[in-house]
Every structure is written in structure tokens, then in C-alpha cells.
Amino acid sequence: MIGIVGGGLAGLAAAYRLRDAGREVRVFEAGDEPGGLAATYETAGDRIEAYYHHLSKSEETIVELADELGIGDRIEWRVGENAYYVDGVAHPLDTPWEIAAYPYLSVYDKFRLAMLTLGIDVRGGRPRRDTYDDIETFEDVPIKQFLLEHATRGVYEYFFEPLLDAKFGERKKEVSAAWLLGRIKFRGERDLLRGEILGYVDGGFATFTDALVDAVGQEHIQTGTAVTDLSGPDGGQRSEGGAVGGPVESLRVEPANGRSSAVETYDVDAVVVATMPDVLESLTGYRCEIDFQGSICALVTMDEPLLDTYWLNLADEAPFGALIEHTNFVPPERYGGEHLLYVASYVQGPDDALWARDDDEIETLWLDGIESLFPEFDRGAVTDVRIARNAKTAPVYERGYLDMVVPYDLADAGHPGVYYAGMASRAQYPERSLNGAVEAGYAAAARILDR
């Protein structure tokens, strides 16, 4: 049997591939339900994700998986309208004429920004289309330096810098230009007359997770269970560095979340760790140097809409990083007529002042912040606020990141039989995504099958 630690999309994708190849698997998920960061809430209609989700056109592997699962026709491609809030005004930035009307960039700034987003290097007056093909060549280049060289100071200061502040805070100086280029490519599909094209699953991403669980087999998934130890031959005494004395032969599981059940041991041929790298370290001693940032995300349910756009970026001292009105992307009729707004902010660590606030304090702070941005906001229209938080939701893509990714097969690192498919894997570079989770799970499974 192959043990899989973590029942998010990466773990389920690994289990799916292994089961498809005829291998016996068991997924161990510490939470009450599989799905990981794709967990959902109830609404008056379809379920909705606790953290905002959508697909970009570049995410092909997960779309292919949806086809295999028989739900490919439920992926809907919609226009995700974007705007930028500056000096009290939300400026739409979807169509060429809206971008042309944006008052905070000069005509030359807009030209250089457009060329960059199209992947065209116009430095020296000679357009080149191959400069950004290999984004890894920019792995050690700071974003500010890159933008000043490849765009303009105005593009950096009046367009990208507020976005970097919202995402990385003071750590923006550490982030590589490779991440920025990857982000641009990742979100590059646009309808020139309407805006960015994004995907969503009819019925929510729970539809996708449910189909994947069914394909793996619910009987092969054990929730409320934490893997606490891996053992090698003869009981598997670990070395001082954490490596077992040979290939992994068993794993021990214990109840999670205060559940009362017996400790169990399973014989295994291999183990896929499809979680954050701190779990990998606790099981093997393998230490990943990648830093992660956390996030706090509120889902605000309202009787009426707040915005005219799906995604609103903020160049403002608001107490949150972005406003995403989901029901300006997917019709509110899917949710019994409720209007659903995500309020989101990244936190850079447990010492972040926002992280220290409890949910009631955050609700008050953020509703006050919305009222400050939009004086016409009617707090009486808010019928519910649900807040999700996670201390580790995204890597900090600092310079030198590729030297720190965790290999899929950890045999060369002294842990034979252990494979990794979590967020610190190569598939989640240069930007994390649902597609990257599926690819990481596939990659770990492929290495097991190729042994």
C-alpha cells in the first residue's frame, strides 16, 4: 500500500494516478473533510469556497483531469472584470479604452506596461519576443530593479508597487522578478474587448473535489487522522538527521482534532507527503528553507452588491489587501440571490498585528474599512460574515527560491520511499495554483510508478 499524507488536491491527485495504475492507496487527512484549502461554506444555493478560487486559461492539467472525471463540461469560462481603486475612485482596467483612460500612468508608461504583459522586450528600440521565455534567468533579480529596467518608474510606483505591498508587505524587496513574470504569464489570457478570461466550476470547486474523491474511492480516504511517524526496516529507528534506516515500510497514524480512536500502524511501500513542508520535516527531519505567508479571508454575505467589478485592487491604506465580489463573476442566482464578497489580506507571520486580532475584531475593522472606501455602503445589507485564516497559504517567492524547492523523490536526500507533493514542490513555481497542486500529485505518483 502507498500512504498519502494530506487529502488536498495534490494528495487526491496522487492517489487518483496511483489507483488508476492499479496500486493500493490510503489517504490520511487530518481535517474533517478532504479538499484542503478548497474547503467550502453553505449558502442559500451552491456551496462557496472559504478562500476565493478561479482558474486561469494556462491551467490545462486540472481541466484535463476534470474531463477524465466526467465534469469537464461544468467548467465555465467567464470574464473576470478588474478595477484599481485609487484616490477614492475604482478605475476599471479591462478594455483598451479603459486602460487608456487610467489617469495615473502616462501614455509611455501604458505602452511599456502593455509590451511587458505581451512578453515583448522593447529596450533599445528593437522589439524582442524571446527575452522572457526562460523566466528562471530572472530568479535572482529584484522586482523593482527589473521593472525600472524593463518598464518605467511610473509602471513600478503607480501600478505594481501597491500590489506588491498588499501581497508581500515589507518582504516585497526579497521577491524575484521570475515570480512577477510567471504571474503575468499565468494570468495572461484576455478578451481584448471584454477583459480577463477566468474559469469556475458550476456548483463550485466542491464539485471537482467530490468527483476526485469518488474516483479515488471514499473507502480509501481516512479523515480526522494525522500521520505522526514513518518507520523503516526493523521498526525504523531514525538517524539523528531524521532519516529512517532504509526504505519506509510503515507509518503510524493518530486521531486528529481531539478525536478519540486508537493509534494505528499501516505497512506501506512508499509514502507521498502532500502537505506543507513542516509536516515533512516532522516526519523525516528534512528541512525546507522556503518561507510561507498566511492569509485571512472573510466571506461577506449581503442583500445587495457593493462593487461593479469582480476583482478590486487597492492603492489605498485600507486594512485589507483586495475586495473580490464573487457574484459579479458567478451570478448571485446560483446562491439564492445572495451577494458574496471576499475581503482578503495576506499576513507575513504570526507577529503580524492583523493576525493577532480575533474574528470579531477583524469583522469590525474590515466593515469599517469598506465603509471608508464606499460611504454609500449599507452595513444593514450584511447578513453574515465568515472568516477563514491559515498561517501558511502561499510561499514567499524570494530570490533563490528554486534552490529551496523540495524534490519529488527524497531518496537522494536520505529518505528512500518518501515522495513530496506539497506547496514547496517545483510544480508550484513561480506561482501557486490548483493546477500546480494536481501537477505535483501527478509528479510524485509518476516517480513511484517509475521506480
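1. Start at β15. G3 stands opposite V271 in this strand. Strand β1 (residues 2-5) pairs with β15 in the parallel sense over four bridges. Strands here are DSSP runs of E with at least two residues, helices are runs of H or I with at least four, and both are numbered from the N terminus. Two strands count as paired if DSSP finds at least two bridges between them. β15 also pairs with strand β21 (residues 418-420), again in the parallel sense, over three bridges. There, V271 has V418 as its bridge partner.

2. Basis of the note. This is a predicted model, where local features need pLDDT of at least 70 and side-chain atom pairs count only at pLDDT 80 or more, while totals for chains, interfaces and linings use all residues. Residues are numbered from 1 along each chain as its sequence is written, and side-chain values use heavy atoms, with hydrogens and water left out.

3. Confidence. pLDDT is the predictor's confidence in each residue, from 0 to 100. The chain has a mean pLDDT of 93, and 96% of its residues reach 70 or more. Treat residues 236-244 separately: pLDDT stays under 50 there, and the model has 24 contacts for them beyond four places in sequence. Contact means heavy atoms within 4.5 Å.

4. Overall form. The chain holds 12 helices and 21 strands. Its radius of gyration, taken over C-alpha atoms, is compared with a globule rule of 2.2 Å times the number of residues to the power 0.38. For 451 residues a compact globule would have a value near 22 Å, and the chain's 23 Å agrees. The C-alpha trace spans about 70 × 55 × 45 Å along its principal axes. Among contacts with a separation of 6 or more, 69% join residues 24 or more positions apart.

5. Burial. Buried residues make up 56% of the 451 in the chain. The cut-offs are under 20% relative accessible area for buried, over 50% for exposed and partly exposed in between (1.4 Å probe, protein chains only).

6. Both faces of β15. In a regular strand the side chains alternate between the two faces of the sheet. From β15 (residues 270-273), A270 and V272 point one way, V271 and V273 the other, and all are buried.

7. Strand β20 (residues 382-395) runs antiparallel to β16 and is joined to it by 10 bridges. L299 stands opposite R386 there. Strand β19 (residues 339-347) pairs with β16 in the antiparallel sense over nine bridges. V300 has L341 as its bridge partner in β19.

8. Cores. A nonpolar core is a set of buried Ala, Val, Leu, Ile, Met, Phe, Trp, Tyr and Cys residues joined through side-chain atoms within 4.5 Å. The largest has 62 residues, and I4, I48, L65, L69, F208, L212 and V272 touch the most other members. Helix α12 (residues 434-449) supplies the largest share of this core, nine residues. A second, separate core of 60 residues includes I184, L251, V396 and M404.

9. V227. This residue lies in strand β12 (residues 225-231). V227 is buried, with a relative accessible area of 10%. Beyond its neighbours within four places in sequence, V227 contacts V5, F28, L251, R252, V253 and L283. V227 and V5 are 222 residues apart in sequence, yet 6.6 Å apart in space, C-alpha to C-alpha.
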